[in-house]
Amino acid sequence: MDMEPDLIIVMTSDEDEYNNYRKIASTVAIPYGSLGNPQNEVSYFGELLGREQEAKVWIADYEARIAVAKAKVEQAIPADATFAVMSEDGKNVSVFGNDFGRGGHSIYQIFERKIPEKYGAKVIEERYRVLSREVLPEYAGDYIVLTTDKSLEEYEADVIWGTLDAVKNGRMYVWPNKKSYFIDPLSLLSQTEELAEWLAGLKS
């Protein structure tokens with residue numbers, strides 16, 4: 001209320017929450033995941049704010065850059081390779097599906113890579129699943145993208161992580177939460193290009 005906004009945009013599907021914000025200013029409520037992808041999101045806001053042409057230009061640039069990133073990965077990585085997208089907080093490990101950040105959108109939607117067999121469709125439906133360290137080898141893919149505050153060297157020396165084929169053979173990418181968490185269009189573009197550069201660098 002102190003900020004006196006002209007417009008509030010809130011991620012919610014809760015009618016009471018929407019009505020509370022609407023008492024302060026004009027409010028647009030967008031349920032989580034309802035816009036589907038960066039192109040839809042930018043197009044939506046372009047129409048909302050009367051900046052459709054800027055949105056079209058941004059989308060064209062985004063799609064061109066994504067195509068370049070995807071081509072790099074296709075040239076470097078076998079088509080049948082599996083990818084695990086994970087996060088580790090020191091106690092538990094979480095595995096992620098294709099729309100909950102940590103690189104899942106880039107790996108599974110943009111690069112169209114395979115999930116490890118143990119994932120099954122359930123992890124995609126649930127968006128993420130918390131595991132104990134003991135079952136980690138069952139969920140590890142040929143490649144691992146891991147969100148963590150620890151270094152790659154710490155994982156290489158770990159009694160469980162260090163036994164994984166992806167870790168032993170330099171096929172695990174480690175990055176912090178501040179880089180992998182967000183799923184807005186700018187973040188997804190940055191994540192996709194960063195992962196593409198890493199994977200392209202692994203080509204033997």
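Me: Which elements each supply at least two residues of the lining of the largest pocket?
Reply: The model is predicted: local features need pLDDT of at least 70, side-chain atom pairs count only at pLDDT 80 or more, and totals for chains, interfaces and linings use all residues. A pocket here is an open set of points on a 1 Å grid over the protein atoms alone, where a 1.4 Å probe fits, with protein on both sides within 12 Å along at least five of seven lines; lining residues have an atom within 4 Å of a point. Helices (H or I, at least four residues) and strands (E, at least two) are DSSP runs, numbered from the N terminus. At least two lining residues each come from strand 1 (7–10), helix 2 (38–48) and helix 4 (104–110).

Me: Which element gives the largest share of the lining of the largest pocket?
Reply: Residues are numbered from 1 along each chain as its sequence is written, and side-chain values use heavy atoms, with hydrogens and water left out. The lining has 25 residues, and those nearest the pocket centre are Met11, Tyr32, Gly33, Glu41 and Ile183. The largest share is three residues, and these come from helix 2.

Me: How many residues of that lining are charged?
Reply: Ala, Val, Leu, Ile, Met, Phe, Trp, Tyr, Cys and Pro count as nonpolar, Asp, Glu, Lys and Arg as charged, and the others, Gly among them, as polar. The lining of the largest pocket holds 14 nonpolar residues and seven polar ones. The charged residues in the lining number four.

Me: How much space lies in the largest pocket?
Reply: The volume is the space filled by probe spheres set on the grid points, which are joined across faces, edges and corners. For the largest pocket this comes to about 610 Å³.

Me: Is serine 106 buried or exposed?
Reply: Serine 106 is part of helix 4. Buried means under 20% relative accessible area, exposed over 50%, and partly exposed in between (1.4 Å probe, protein chains only). Because its relative accessibility is 0%, serine 106 is classed as buried.

Me: Which residue does the side chain of serine 106 meet in a polar contact?
Reply: A contact is heavy atoms within 4.5 Å. At 2.7 Å, side chain to side chain, the polar partner of serine 106 is threonine 192.

Me: How many residues does the largest nonpolar core have?
Reply: A nonpolar core is a set of buried Ala, Val, Leu, Ile, Met, Phe, Trp, Tyr and Cys residues joined through side-chain atoms within 4.5 Å. Met86, Phe111, Ile144 and Trp161 have the most contacts inside the largest one. Phe111 touches residues that include Ser106, Thr192 and Leu195, not counting residues up to four places away in sequence. The residues of this core number 41.

Me: Which residues is serine 94 in contact with, leaving aside its neighbours within four places in sequence?
Reply: Serine 94 sits in strand 4. Its relative accessibility is 13%, so serine 94 counts as buried. With those neighbours left aside, the contacts of serine 94 are Val85, Met86, Ser87, Tyr128, Arg129 and Val130.

Me: What is the phi of arginine 102?
Reply: Arginine 102 lies in the loop between strand 4 (93–96) and helix 4. With 12% relative accessibility, arginine 102 counts as buried. Its phi is positive, in a residue other than glycine, and near 65 degrees.

Me: Where does glutamate 112 lie?
Reply: Glutamate 112 also has a positive phi, near 55 degrees, in a residue other than glycine. With a relative accessible area of 54%, glutamate 112 is exposed. Its place is the loop between helix 4 and helix 5 (120–126).

Me: How far apart in space are isoleucine 115 and tyrosine 139, C-alpha to C-alpha?
Reply: Isoleucine 115 is in the loop between helix 4 and helix 5, and its relative accessible area of 26% makes it partly exposed. Tyrosine 139 is 24 residues away in sequence. The spatial separation of isoleucine 115 and tyrosine 139, C-alpha to C-alpha, is 9.2 Å.

Me: How many strands does the protein chain have?
Reply: Buried residues make up 40% of the 204 residues in the chain. The C-alpha atoms fill a box of roughly 55 × 35 × 30 Å, taken along the principal axes. The chain has 10 helices, and its strands number seven.

Methods:
A polar contact is a pair of N or O atoms within 3.5 Å; within protein, one must be able to donate a hydrogen and the other to accept it, and residues adjacent in sequence count only if both atoms are side-chain atoms.
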